[in-house]
Amino acid sequence: MSDHNEGNGAVDAADGPDAPQRRPDNDAGNAHPEAFARVQPPPPELPKKPPLYKRPVFWIVLLVIVAGGLAGGILYWLHTRDWEETDDAFIQADVTQVSPRVAGHVLGVYVTDNQNVKQGEKLVDLDPADFQARVDESQAAVVAAEKQQAQAKDMVTSAEADVGAAQASEKAAQTESDRAHDELKRYESLSPGARIQQQLINYQAAANSADANLAAARQRTRSALAHVKSAQSQVQVAEAQVKQAQASLAAAKLQLSYTQIFAPLNGYVTNKSVNLGDFVQVGQALMALVPGDPAVGGPNYKPGLFVIANFKETQLDRMKVGQEVEFTVDAYPGHTFHGQVDSIQRGSGAAFSLLPPENATGNYVKVVQRVPVKITFNGTDGFGLGPGMSVVPRVKVR
């Protein structure tokens with residue numbers, strides 16, 4: 001027993017307090033628990049940290065965050081109060097429907113979907129055979145009417161010549177009548193003893209004959225004048241026929257020109273529904289042209305793309321025509337487009353809907369209405385914008 005104890009004391013002394021501690025085996029630990037406790041000293045106690053809210057750094061960081069948030073909120077409010085924004089906005093366009101003005105078979109289609117075309121560029125050709133035949137027929141009618149007009153003018157010229165001859169004959173008959181009456185008067189002025197009865201009868205007969213010739217000449221003049229009037233009326237009829245034939249020719253040529261369909265403005269071909277060999281009717285939609293950048297129109301009409309933004313009626317207090325607008329398009333989120341307020345609709349969108357609300361019936365719940373505002377582009381900047389795209393506009397109201 002003493003040897004065993006001495007041996008254990010030697011081991012403890014050899015290990016020392018600084019030697020690495022060894023866990024005794026199970027038997028030794030079970031036999032001597034107090035010895036195992038001496039082998040495992042308790043861990044040193046760590047100093048307790050103060051709570052987070054008692055630390056100065058916490059309050060400094062919190063103060064910086066609050067001050068930054070307050071400053072950012074003030075700056076954001078100062079910035080946003082100058083702008084009115086809505087996401088209820090879409091691109092629209094003055095889409096032009098291309099339709100034929102005459103019916104016929106399609107002989108040529110020169111565009112395809114989404115193609116950019118220029119104003120005056122040929123789009124479709126229709127079969128011109130029937131219309132060319134009408135043009136030829138009208139041209140023949142014009143030639144015939146012009147020929148009748150020339151004949152009527154010749155008749156007028158001939159009738160006027162007859163009037164001249166009749167008037168000359170009338171003048172000669174008038175002269176002869178005056179001479180015969182002068183001879184009769186001179187002879188009747190002689191004394192009865194100097195006159196011969198038979199000679200007086202001859203003078204009277206000559207005067208009567210001259211009067212008859214004068215009456216006949218006057219009748220020929222009147223007849224010639226009537227012939228001239230008749231010929232002149234025929235000329236007028238012929239001229240009217242010529243004008244009618246020329247009008248028919250012009251209409252036939254116009255109908256012939258309608259067999260070639262051209263682009264009425266610059267734009268992009270969309271919704272094309274015409275193909276080679278189709279038979280199209282008057283007014284049938286062949287395709288639509290969506291303008292790109294604003295095209296040239298009348299003084300108050302500029303077809304092109306624009307935005308219809310449905311702002312709340314409470315956002316219209318300071319909104320006016322001509323104000324600056326910035327907007328983004330969902331298809332191109334990284335680009336900002338620019339424009340201006342073109343007009344504000346006089347009335348809410350609901351008032352012009354197919355079934356406008358009737359607030360006089362049922363229970364009334366006030367709902368903030370939305371008013372369409374038209375916004376025009378300063379330019380598409382080369383992006384492929386089209387009707388129906390979603391837009392988020394911001395109007396600078398201050």
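**Close-up 1. Strand β6 is mostly covered in this predicted model.** The strand spans residues 122–126. Four of its five residues are buried. In a regular strand, side chains alternate between the two faces of the sheet. Strand β6 pairs with β4 and also with β7.

**Close-up 2. Strands β4 and β6 pair in the antiparallel sense.** Three bridges join the two strands. Look for Val106: its bridge partner in β6 is Leu126. Strand β4 covers residues 104–109.

**Close-up 3. Strand β7 also pairs with β6 in the antiparallel sense.** Strand β7 is made of residues 260–262. Here too, the pairing runs over three bridges.

**Close-up 4. Asn114 has a positive phi.** Its phi is near 65 degrees, and the residue is not a glycine. Asn114 sits in the loop that links β4 (104–109) to β5 (116–117). Is this residue buried or exposed? Asn114 counts as exposed because its relative accessibility is 58%, and the cut-off for exposed is over 50%.

**Close-up 5. Asn271 is another residue other than glycine with a positive phi.** Here phi is near 55 degrees. Asn271 belongs to the loop between β8 (267–270) and β9 (279–280). With a relative accessibility of 62%, Asn271 counts as exposed.

Key:
Residues are numbered from 1 along each chain as its sequence is written. This is a predicted model: local features need pLDDT of at least 70, side-chain atom pairs count only at pLDDT 80 or more; totals for chains, interfaces and linings use all residues. Side-chain values use heavy atoms; hydrogens and water are left out. Buried means under 20% relative accessible area, exposed over 50%, partly exposed in between (1.4 Å probe, protein chains only). Two strands pair if DSSP finds at least two bridges between them.
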